[in-house]
Amino acid sequence: AWLGDSEWRQTVHLLSAHATQFMHLMMVLLAHTQPLRTALLRPCASRAVRALGARACSSDAATAPAEAAAEPEQLRSTFLETMRWRGFLHQSTDLAALDDAMSGGRVVAYLGFDATASSLHVGSLLQIMLLRHFQRAGHKPIVLVGGGTTKVGDPSGKDASRQLLDEEAIASNIEGISRVFGRFLTFGEGPTDALLVNNDAWLSPLSYLAFLRDYGRHFTINRMLSFESVKQRLARESPLSFLEFNYMILQAYDFLELHRRHGATLQFGGSDQWGNIISGVELGRRADGAQLFGLTAPLVTTADGKKMGKTAAGAVWLNEDLLSPYEYWQFWRNTADADVGRFLRFFTELPQDEVEKLEALRGAQINDAKVVLANEATRMLHGEACLAEIQATAASLFAAGGGGGGGGTASLKRVKLSADEAAAGVPVVDLFVSLELGKSKSEVRRLVAGGGAKLNDVKIEDAALLISTASFEAASEIKLSAGKKKHGVVELAQ
């Protein structure tokens with residue numbers, strides 16, 4: 001921006017003689033001076049200097065600028081250009097060199113998922129979509145499940161240590177989270193077929209002393225303390241165990257192992273993983289002389305600033321046994337107006353012209369775009385077959401007058417009452433809790449008092465109401481509602 005190419009190269013030569021002092025200076029300046037960062041990372045600079053610039057920016061995703069390396073105006077890679085338009089590109093170690101590699105042939109990339117729960121939630125969906133687009137562009141994705149790293153716990157974005165899980169719980173969680181990948185990716189033995197790999201295969205057999213000797217020397221405490229995940233914990237005076245402190249080393253080692261075993265040269269991740277990804281890129285260079293790349297997607301928040309993936313009712317799970325297809329569809333249907341266009345780009349595969357038409361809708365018409373978003377997102381996860389039932393349920397529930405507890409409720413969560421239970425009567429507050437329309441009986445009682453609890457669209461006046469055989473009248477089921485958008489069915493067993 002300020003210097004010609006000749007002067008720039010002379011400046012680089014002088015700065016390289018004082019690299020340590022230069023790095024400390026740049027850590028301060030790059031966070032505050034856009035023109036200097038742009039000049040440092042401009043394409044005419046040497047690849048080594050661009051990498052140095054990326055490392056200077058890499059302490060974290062929150063304070064580092066959105067782009068860690070200069071972004072070329074034109075990208076030759078179809079995948080990268082698509083990701084840029086859809087908003088997936090946040091940081092990259094060397095986007096120009098990565099573009100060269102991806103436009104020149106097949107690239108192998110991986111993305112890691114720790115097994116901290118029995119299902120992933122919608123907050124992980126952006127990363128899964130990234131792998132899906134990558135495979136559809138002719139490249140090979142690797143899904144890395146963290147059977148080993150889950151034993152340690154990633155401190156990124158956490159105020160406290162994660163709960164340590166035993167081997168049985170980790171294995172069960174891996175089985176649970178692995179179900180969803182086959183719905184988005186094609187697995188097999190072909191050149192672009194996805195692989196599912198567990199890092200426990202190489203982490204558990206490690207010899208501690210040999211690992212420290214061979215790889216510990218490539219990491220400095222100074223650098224590790226500069227990562228935002230560490231700085232935030234220390235600033236809040238929250239304990240950071242030595243176990244967690246090692247997580248970034250293990251994640252870096254994962255990259256090296258996947259490069260050696262499967263030829264992986266690119267790691268994807270969320271922007272909160274930027275420091276860990278950079279560590280893996282550097283370890284590959286120092287240990288094997290490998291040119292590796294890192295690319296992060298943004299952490300998605302909703303228009304009101306909340307983290308994507310959770311609602312007031314809890315996590316939006318991807319596994320059907322934890323969240324029904326109708327509830328999943330309803331989550332997308334209830335998207336805020338300001339988020340619809342962005343989510344159409346992130347979470348559907350609709351072509352650009354169609355997305356832009358939907359983005360242009362205003363007023364009541366934006367509800368049409370929300371239905372398209374809900375249909376596309378649900379079809380991708382749960383399949384085409386469930387949409388007819390979901391739409392029938394939605395039509396029944398949202399139509400004027402609502403109707404009773406009959407048809408159109410097939411997609412709703414339901415509980416069954418036996419003939420004996422119905423004869424004796426079951427407290428309505430218990431049924432609300434069983435249907436997850438309230439987290440506790442006290443919450444349901446408050447809902448009744450506020451007029452938000454309904455039976456077949458009629459307000460429930462008494463929280464002590466018992467649901468009995470007489471409540472069903474001639475029907476085989478009744479509908480319970482919490483507000484206008486949460487519903488469930490109580491079915492009388494025959």
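The following legends describe close-up views of one predicted model.

Residues are numbered from 1 along each chain as its sequence is written, and side-chain values rest on heavy atoms, with hydrogens and water left out.

**Figure 1. Overview of the chain.** The chain holds 24 helices and 15 strands; these are DSSP runs numbered from the N terminus, helices being H or I with at least four residues and strands E with at least two. Of its 494 residues, 48% count as buried, where buried denotes under 20% relative accessible area, exposed over 50% and partly exposed in between (1.4 Å probe, protein chains only). Among contacts (heavy atoms within 4.5 Å) with a separation of 6 or more, 73% are between residues 24 or more positions apart.

Figure 2. The whole structure contains 16 aromatic pairs. Rings of Phe, Tyr and Trp (its six-membered ring) pair if their centres lie within 6.5 Å; planes under 30 degrees apart count as stacked, over 60 as edge-to-face and the rest as tilted. Tyr326 and Trp329 are stacked, at 6.3 Å centre to centre and 20° between the planes. Because these two residues are three apart in helix 17 (residues 325-333), about one helical turn separates Tyr326 from Trp329. Both Tyr326 and Trp329 are buried. In the pair of Trp332 and Phe347, the ring centres are 5.0 Å apart and the planes stand at 50°, so this pair is tilted. Trp332 belongs to helix 17 and Phe347 to helix 18 (residues 340-347), so their pairing ties together parts 15 residues apart in sequence. Trp332 and Phe347 are both buried. These two residues also belong to one aromatic cluster with Phe88, Tyr328, Phe331, Phe343 and Phe346.

Figure 3. Tyr208, Leu209, Leu212 and Phe242 make a nonpolar surface patch of about 480 Å². Patches consist of residues with over 30% relative accessible area and no salt bridge, like charges being joined within 9 Å and nonpolar side chains (Val, Leu, Ile, Met, Phe, Trp, Tyr) within 5 Å; a salt bridge places a side-chain nitrogen of Lys or Arg within 4 Å of a carboxyl oxygen of Asp or Glu. Helix 11 (residues 208-215) contributes the most to the patch, with three residues. Leu212, found in helix 11, is partly exposed at a relative accessible area of 37%.

Figure 4. Strand 2 (residues 108-114) runs parallel to strand 5 (residues 266-270), and two bridges join them. Ala109 has Leu266 in strand 5 as its bridge partner.

Figure 5. Strand 9 (residues 414-417) has Val415 and Leu417 on its covered face and Arg414 and Lys416 on its uncovered face. Strand 9 and strand 15 (residues 486-492) run parallel and are joined by four bridges. In strand 15, Val489 is the bridge partner of Arg414, and Leu492 that of Leu417.

Technical notes
Predicted model: local features only at pLDDT ≥ 70, side-chain atom pairs only at ≥ 80, totals over all residues. Areas by Shrake-Rupley, 256 points an atom, 1.4 Å probe, with all protein chains shown as cover. Pairing = 2+ DSSP bridges.
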